[in-house]
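Subject: Structure handover

Hello,

I am passing on the structure we spoke about.

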Amino acid sequence: MTTATTDKRELKRIVVKVGSNTLTNDAGAVDRRYIASLADQLSELNRAGHQVVLVSSGAIAAGRELLGLTARPKDMATLQAAASIGQVELIETYSAEFGRCRTMIGQVLLTRYDLDNRHSYNHAVNTFDKLLELGSIPIVNENDTVAIDEINFGDNDTLAALVAEMIGADIVVILTDVAGLYDDDPNLNPDASVVPCLTEIADDLLAETSAGGDAAGLGSGGMRSKLQAAKVLLDADIATVLCNGRDANVVVDAVEGKPQGTFICSNELRKKLGMNELGS
């Protein structure tokens, strides 16, 4: 098997996306120890000269915990209330852990309107550029308190891809609760293995991939949403890594080109970034 490697210095702008199921523990509460580990890794990349943006789910999960709810709310008013309460808790947790690492953060809450409206879009790009220029790590989430469509139908995989396009990222690392894209359903086939590399995402692959969310019902995106985001990124000439967010040092290793999950990148971008041959 041939794996992809790259010189860490070649990657300047990085988007990391973490989902609710990765951010939470078995009880469905926000895992503060995990956030501490994530802050350590992103701060290490920041100190190495990379410009990092974190797209983080978890506001509704954090709100559920504070409100004592045992399941994700089904009515819109409670969803929005949980998001409002949880977003404060989530950003305070990030602030404490990144502060421990002496890393500045900024909060950016976006709606689909912000991305569809050219005037708002340009202002958002300028804000990201300035935050990154100042050495901070923007932490992005959908503004679930007012964005009704996003709560019902959206997912942060799509948001991460759009943010990556906005800032001209080199790579997007999508942290999930599985090891990557499997060549078969691992729940049905014990011999199923992770696909190490993809250079394209065909329509039949999307059709065969489950569209469901995570088993705990905490998130809104499944593997199909991640592949759809990766396909958008391929078209934008941006590399994607799908990997298990709970693996030790996974973000730093993915950025350094060490084998992690499924690496999705065109051959043209591979050459541009000076990577070794992709394939299996």
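To begin with the surface: Leu66, Leu67, Leu69 and Ile85 make up a nonpolar patch there, and their accessible area together is about 310 Å². Of these residues, Ile85 belongs to helix α4, which covers residues 76-100. Ile85 is partly exposed, and its relative accessible area is 36%.

Please keep in mind that this is a predicted model. Its mean pLDDT is 84, and 85% of the residues reach 70 or more. Residues 1-9 have a pLDDT below 50, and this stretch has 27 contacts in the model beyond near neighbours in sequence. The pLDDT is also below 50 over residues 211-221, where the contacts beyond near neighbours in sequence number 25.

Next, helix α3. This helix runs over residues 59-67, and its buried residues are Ala59, Ile60, Ala61, Ala62, Gly63 and Arg64. What do the buried residues of α3 pack against? They pack against α4 and against β4, which spans 137-142. After α3 comes Gly68, with a positive phi near 75°.

- Arg102 is not a glycine, yet its phi is positive, about 60°. Its place is the loop between α4 and β3 (105-110). With a relative accessible area of 81%, Arg102 is exposed; the cut-off for that word is over 50%.
- Asn249 has a positive phi as well, near 55°. This residue sits in the loop that lies between β7 (239-244) and α11 (250-255). Asn249 has a relative accessible area of 32% and so counts as partly exposed.

Last, the aromatic rings. How many aromatic pairs does the count come to? The count comes to one. The pair is formed by Tyr94 and Phe98, with 6.2 Å from centre to centre and 35° between the planes, and it is tilted. Tyr94 and Phe98 are about one helical turn apart, because they are four residues apart in helix α4. Are these two residues buried or exposed? Both Tyr94 and Phe98 are buried.

Regards

Key
Residues are numbered from 1 along each chain as its sequence is written. This is a predicted model: local features need pLDDT of at least 70, side-chain atom pairs count only at pLDDT 80 or more; totals for chains, interfaces and linings use all residues. Side-chain values use heavy atoms; hydrogens and water are left out. Patches are made of residues with over 30% relative accessible area and no salt bridge: like charges are joined within 9 Å, nonpolar side chains (Val, Leu, Ile, Met, Phe, Trp, Tyr) within 5 Å. Accessible areas come from the Shrake-Rupley method with a 1.4 Å probe; for residues, only the protein chains shown count as cover. A salt bridge is a side-chain nitrogen of Lys or Arg within 4 Å of a carboxyl oxygen of Asp or Glu. Helices (H or I, at least four residues) and strands (E, at least two) are DSSP runs, numbered from the N terminus. Buried means under 20% relative accessible area, exposed over 50%, partly exposed in between (1.4 Å probe, protein chains only). pLDDT is the predictor's confidence in each residue, from 0 to 100. Contact means heavy atoms within 4.5 Å. Rings of Phe, Tyr and Trp (its six-membered ring) pair if their centres lie within 6.5 Å; planes under 30 degrees apart count as stacked, over 60 as edge-to-face and the rest as tilted.
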